[in-house]
Amino acid sequence: GGGGRQSAALQEPSGAERFKGGGRCACQCWVALCRRVGGKQQGIMPKMAHQRTHLVLENYIGGKFVPCSRHIDSYDPSSGDVYCRVPDSGKQEVDAAVSAAKAAFPGWSAKSPLQRSQILHKLADLIEAHLEEFAQAESKDQGKTITAARSMEIPRAVYNFRFFASTILHNTTECSEMDHMSCTHFTTRTPVGVVTVWEPG
């Protein structure tokens with residue numbers, strides 16, 4: 001779904017709390033699921049605090065939930081009511097997220113393709129195990145039918161993780177020969193660093 005300018009280090013949340021609200025919320029979940037998948041955490045939904053009747057999401061940066069000073073209202077298309085508030089992250093949150101991701105990068109880049117593949121599969125397993133929660137959130141945020149969310153949107157997210165988990169194991173090393181110089185050029189694929197992605201609100 002859409003949402004504010006959210007930023008988070010790529011890490012799995014530790015809270016076991018559930019939420020009923022939206023794709024913007026689900027967007028926070030995708031981000032929060034991306035690191036430490038093998039930990040002991042049982043829940044996969046972000047930590048939320050109740051403010052009146054609204055759910056209020058927090059960024060997940062550097063292994064902990066971090067309150068944001070600004071939020072954006074998320075509306076339920078079926079009623080027009082605000083049902084959730086999502087972080088409207090700015091420079092401070094982005095800088096913190098990038099710093100946390102850079103600190104995590106050496107350990108991640110040192111992992112073998114098989115290890116990275118296993119982590120991506122674990123992410124897919126976690127999403128699949130909580131498919132109904134994500135489907136309810138996506139339906140409420142986007143106004144899609146719950147059937148479409150259950151049968152297409154969330155399963156597609158699972159498929160994407162499994163696709164890249166498989167692809168990483170089948171990348172080939174390219175080479176070209178220079179016969180007259182008796183040398184061969186090799187091209188290898190390695191992690192290159194932290195990437196920041198902005199999603200228009």
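**View 1. A network of salt bridges links Glu138, Lys144, Glu153 and Arg156.** A salt bridge is taken as a side-chain nitrogen of Lys or Arg within 4 Å of a carboxyl oxygen of Asp or Glu. The model is predicted, so local features need a pLDDT of at least 70 and side-chain atom pairs count only at pLDDT 80 or more, whereas totals for chains, interfaces and linings use all residues. Residues are numbered from 1 along each chain as its sequence is written, and side-chain values use heavy atoms, with hydrogens and water left out. Within the network, the side chains of Lys144 and Glu153 meet at 2.7 Å, N to O. Lys144 is partly exposed at 30% relative accessibility, while Glu153, at 11%, is buried. Here buried means under 20% relative accessible area, exposed means over 50%, and partly exposed lies in between (1.4 Å probe, protein chains only).

**View 2. Arg162 forms a salt bridge with Asp125 and another with Glu128.** The N to O distance is 2.8 Å for the pair Arg162 and Asp125. Helices (H or I, at least four residues) and strands (E, at least two) are DSSP runs, numbered from the N terminus. For Glu128 and Arg162, the N to O distance is 3.0 Å. That pair also links distant parts of the chain, with Glu128 in helix H3 and Arg162 in helix H5, 34 residues apart. In total, the structure holds 8 salt bridges.

**View 3. The side chain of Ser74 makes a polar contact with that of Asp141.** The two side chains are joined at 3.1 Å. A polar contact is a pair of N or O atoms within 3.5 Å; within protein, one must be able to donate a hydrogen and the other to accept it, and residues adjacent in sequence count only if both atoms are side-chain atoms. Ser74 belongs to strand E5 (residues 71-75) and is buried, with 0% relative accessibility.

**View 4. Confidence is lowest in helix H1 and highest in helix H3.** Helix H1 (residues 23-32) has a mean pLDDT of 42, and helix H3 (residues 113-129) reaches 96; pLDDT is the predictor's confidence in each residue, from 0 to 100. Over residues 1-44 the pLDDT stays under 50, and for this stretch the model has 163 contacts beyond four places in sequence, a contact being heavy atoms within 4.5 Å. Where pLDDT is low, the predicted coordinates should not be read in detail. The chain averages a pLDDT of 77, and 73% of its residues score at least 70.

**View 5. The chain has 5 helices and 8 strands.** From the N terminus on, the elements run α-β-β-β-β-β-β-α-α-α-α-β-β. Buried residues make up 38% of the 201 residues. Of the contacts with a separation of 6 or more, 64% are between residues 24 or more positions apart.
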